[in-house]
Structure formats: structure tokens, C-alpha cells
Amino acid sequence: MMERVRRILVATTALLVSVVPVGTAANADELVIAVPNWPSAEATAHIMGVVLEEKLNIDVTYQPAGTLGIFNGIDNGKIHVHPEVWLPNLTSLVEKYRDKRGTIALSENGVAASQNMCVTRYTAEVTGVKSVSDLADPKMSAKFDSDNDGQGEIWIGAATWSSTMIERIRAKSYGYADTMRLLQMPEDVAMATVDASIAVGRPFVFYCYKPHHLFRLHDIVVLEEDTFDADKWEIVFPADDANWLQKSRAETGWDASHFHVGFAAKLKEEMPEAASFFENITFTSDDITTMSYALQVERQEPAKFAKKWVAENSDRIKGWLQ
Amino acid sequence: MMVSRRKFLTTTGAAAAAAILPARDVLASRTAGESLILDPETREWVRYSQRRAYRYYKKNGQVPEEFRPRDVPFRTAEEPGTIIVDGNKHFLYFVQPGFRARRYGIGVGKEGFGWAGIVRIGRKAEWPTWTPPAEMIERRPDLAKYAGGMPGGPDNPLGARSLYLYENGRDTIYRIHGTTEPWAIGLNTSSGCIRMINEDIIDLYTRASVGAKVIVLMQGAALFRGV
């Protein structure tokens, strides 16, 4: 029944579009691409826009928006594309809008993403730190002491990030919650600390995620740890239990994550060429690092960068359009 | 966002103290905490005390080489014009294009700044007025004559220039300013602000714009105890 209602609505909208005079080009089809406020999504949003305009002759508008707003917008037809849908982070939203409501579809191939603990190359060389568990050794911790109190410091993420709560659990499980001081700070402060630590030759250990421009800006070493084992992760959320930290454990590395392009499912019927492009689009982790570096570090203008990228990657794009 | 609300509230006391910039005579009678500075020859961090700093300055008429302004390689994603303050190593970086920065020596608070995070330059002033807070005047009746503000000048503890640090458009009461005690660069002696020798703050003042981002790194007692 719902599906039928939706079809009627879609048909009505299409009819309206055909009778209302539109002041744009002859091809009145237009897609709204949402632009979340982080560099790689800004880049991919514009790359998709350039491909749609240049190769498929579809007009595009860009709309800055946050993830929840984008999911709502796709659901109510005001937005058509979300450039980066992170999984498993957004699993609940995907279940709601893709699996239950059927309003959003995801590209088939996600970009692999990862979360780890990192050090600079200099740090790895002077401290000898190799693995996350090394940090539980007070002697190792002392090598990261930046305030002369004998105890090392480690950045575990921004206070507002959901990953930071998990990093506290990991610190407890690995034992370095007892040997190191866990710091929470905005990402810019932590990244500037990496810059300054390299400038003066001072060890620093920090939470890191890929893809990220940091890996192109500096020589970064990822600390080793056992791969994810679901049996060794038990996460109790603070909202559910005041003793969440004591009751939780995370004794291995993070589970792999990945992100996909999200697009309005109705496009499969309304604009099959565009829908098939979104389904096939395949960025690599390296692509995303390059894009984030170009925008964040080199401060390239997203629209110009996208045009250049599309010109330089025409063969790959041809494959996505078939 | 500079610090969490909670952190900001807990440091309000320290912040108030920061505004109480001690007059020269008060400070001189204090024993400053030692700090570590980089020996340019051995590239080792060596102990640096107020006595040593004062002796050095008297003999050489300037601060140790490491604390004099210089252009250094500095790879960062931050935009040129951004200021990065590394209180632990007593350096202030003014980011320049091409992965370089102009680096200055600074003096910082006895216990760091009591905060770390991201602020902006809200306004700038030449030869700023310094107003001792009421509590300070209570303890130091001789300062009563400055209750309405001590005019800018060579004896004013704010020195030649001041950059006022704002968070979300509001004055944090922290400043980057000049000093009447140039030998104190490299030490943790001030009440919380970031001090530079007058020549350097004048140089930075001409380069830094109102609205520029200022990142104060986690350091010393300012280490963010969010957990």
C-alpha cells in the first residue's frame, strides 16, 4: 500500500515538473547532493556533481547538511545524495531508511576505514614502542611524559566523539588507563600537537583514523594489536548503566569500518543512469586521503579540485557509468 | 570549542588569577619554577631556572638563541596566519605558507595556562592599559592609583602590545602580551597569560590578524583532565 501511495506521489511530482515552466536548461532533472562538513565528503560530493553534470547532463545543487538532516532529506525527497554513510556507525539509520522505509540505497563498494593508535616515525624510533599493549608498561609511559610528572599522556579523541568512550574502555582493557593520562581534546588541538611534536622532536601517541590527510602530511606509524574479536568486546553504554566502564571490555583492535555513497532509492526508477552511477562508484582509501589532503592541507577549492579529479580519472569514471 | 564547559568552570579561578598580572616588584620576589629548554648545541633539554635566565640575560642582553624569533620548517594542516602555542617547550608558532612557521620564545604561567584548546584573536592593542583587579588592590594598596587602569608604557606589565584571546566572541581574559621582564622567556613564571619580549610581540602584532585562530596545546598543568 505504502509503495503504491509513494508511486502516485512520485508520478504527481513528475507531472508537476513537466507542466511548471522551469527556468533552467532543457533538461530539468536536478539532483540535490548534501555536503557534510568534513573535507573528504566535500570533495566526493563535488566529484559526483561534476560527473552528473558533465557526463549525464543532470543539473546539481549542493546543500550543506549534517548526517541526520541528510537521512531525513532523502526520506522526504528534498535531498538525493549522502556522499559518506559510515558503517557500522550509522547502522541504525540504515536499518530504518533502507531496510524498513526503503527510501535510501547504498553504493555497493564501500571505502575501507580503520581506527587505531598511532605515533610519529620519530616517536617509534626513540621510544621503541611497537604495540598498543606496550603502553601499559610504566617505563614506556614515562617516555611520553610531556609535563614532567613521570607519567605519559595519550590523546584518545575529542570529548564529543562516540569513539572516545570506546577508547576509554580500550585503555582500561589494555591496562594503559593506569599508566598514562588519557587526554580528550578537539581534533585540531591534537593534530597541532603532532605538528609541534615533530618540530621539536618530542614523542606523542594518539588515536588515529584512516583515511585521513595526516597520513600524507606526516610519517605516521600505526601501533600493532590483535585484530578485532567480537568475543573480546563487550560495550555497555553510559546511558544504560552508570558502571558502564567497569562492565565493558575491548581487548582487541577495532572492527573494520567502511563508508558508502547513500542515494534516494527512487532514483533507480526516475533516473536509472544516475542511480547506476551511485551504485557503481568506488573510491579507495587512498583516493579519500588524497582528497582530504587537497582540501584540508593544500586548501584547494572543492569545485575546482573535483573538475580536475574527474578529468584525470576519466577511465575509472567511465567504468562507473556503465 | 576551547574546553568543555565543566573544564572552563573549574578553571575560572585560574582565569581570574591570570588577569591579575603581577607588577614587576611582586614577581621579582618570587621563586620561579624551573623549566626545560632545548640546548641548541647538544639538542638536549636542559634545566632552566629563573636565576640562570636572569644571569644569561644580564650577560648577553638578550634571551638564549633558541628563544629568539626564527623561521623554522613546520608541517601542519593549519592555515597560514594561525598561532600554535606550545607552552611545554616555550614556543609560539605563527604558521606561514610552504610548511614553515615563524617561531618565538614565550614565558608561560607557573602551572601552564590552566587550559588548552582553540580560541581566536578578538582584538589587538598597542601599549595596552592594565587594570589591577579589586582583590589585588586590596592586598596591594599602592596599586589603588591604578584602579581606573594603568596607562600603557614601559612599566606596564602587559608590555608593548596585547592580543586578546576570545572564545565564541567573548573575552577569555587570557592574552598574548609583552613584558617588563624579558629574561623570563622560557620560564613558567607568569600568572597564566602568554608573554613575549616587547620586540617579539610587536613583530607578531604586525603579522597576526584579528580573527586568527589560536591553538593552545595540551601541556603542563593545562593537560586536559577530561577523564
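A:Pro88 lies in the loop between E3 and helix H4 (91-100) of chain A, where helices (H or I, at least four residues) and strands (E, at least two) are DSSP runs numbered from the N terminus. Most residues other than glycine have a negative phi, and most peptide bonds are trans.

The structure is a predicted model, in which local features need pLDDT of at least 70 and side-chain atom pairs count only at pLDDT 80 or more, while totals for chains, interfaces and linings use all residues. Residues are numbered from 1 along each chain as its sequence is written, and chains are lettered from A and ligands numbered from 1 in the order in which they are written. Chain A averages a pLDDT, the predictor's confidence in each residue from 0 to 100, of 89, and 91% of its residues score at least 70. Over residues 1-28 of chain A, however, pLDDT stays under 50, and for this stretch the model has seven contacts beyond four places in sequence, two residues being in contact if their C-beta atoms, placed from the backbone, lie within 7 Å.

Chain A has 16 helices and twelve strands, and its C-alpha trace spans about 75 × 45 × 30 Å along its principal axes. Of its 322 residues, 41% count as buried; a residue is buried if 20 or more other C-beta atoms, placed from the backbone, lie within 10 Å of its own, exposed if 12 or fewer, and partly exposed in between. Among contacts in chain A between residues at least 6 apart in sequence, 73% join residues at least 24 apart.

Strand E6 (residues 152-157) of chain A is mostly covered, six of its six residues being buried. Five bridges join E6(A) to E7(A) in the parallel sense, with A:Glu153 opposite A:Arg181 in E7(A); two strands pair if DSSP finds at least two bridges between them. E6(A) also runs parallel to strand E8 (residues 205-210) of chain A, to which two bridges join it, and there the bridge partner of A:Trp155 is A:Phe206. Leaving out residues up to four places away in sequence, A:Phe206 touches A:Cys118, A:Ile154, A:Trp155, A:Ala190 and A:Val194. A nonpolar core is a set of buried Ala, Val, Leu, Ile, Met, Phe, Trp, Tyr and Cys residues joined through C-beta atoms within 7 Å, and of the 129 residues in the largest one, A:Ile154, A:Phe206, B:Tyr93 and B:Leu217 touch the most other members.

A:Leu31 is found in strand E1 (residues 30-35) of chain A and counts as buried because 22 C-beta neighbours lie inside 10 Å. Apart from neighbours within four places in sequence, the contacts of A:Leu31 include A:Leu52, A:Ile58 and A:Ala274. A:Ala274 is, with A:Phe277 and A:Phe278, one of the buried residues of helix H13 (residues 272-280) of chain A. These cover an arc of only 95° around the axis, which puts them on the same side of H13(A), the arc being that of the directions from the helix axis to the C-beta atoms.

In chain B, an open sheet of nine strands has the order E3-E6-E5-E4-E13-E8-E9-E10-E12, with mixed pairing; its edge strands, each pairing on one side only, are strand E3 (70-73) and strand E12 (194-195). Strand E4 (residues 83-86) of chain B pairs with E5(B) in the antiparallel sense over four bridges, and B:Val85 stands opposite B:Leu92 in E5(B). In helix H6 (residues 198-207) of chain B, the residues B:Asp200, B:Ile201, B:Leu204 and B:Tyr205 are buried; seen down the axis of H6(B), its buried residues fall within an arc of 140°, so they line one face of the helix. Their cover includes strand E5 (91-96) and strand E6 (100-105) of chain B.

The contact between the chains takes 27 residues from chain A and 27 residues from chain B. On the side of chain A that touches chain B, the elements that give two or more residues are strand E7 (180-184) and helix H9 (187-200), and the largest share, ten residues, comes from H9(A).
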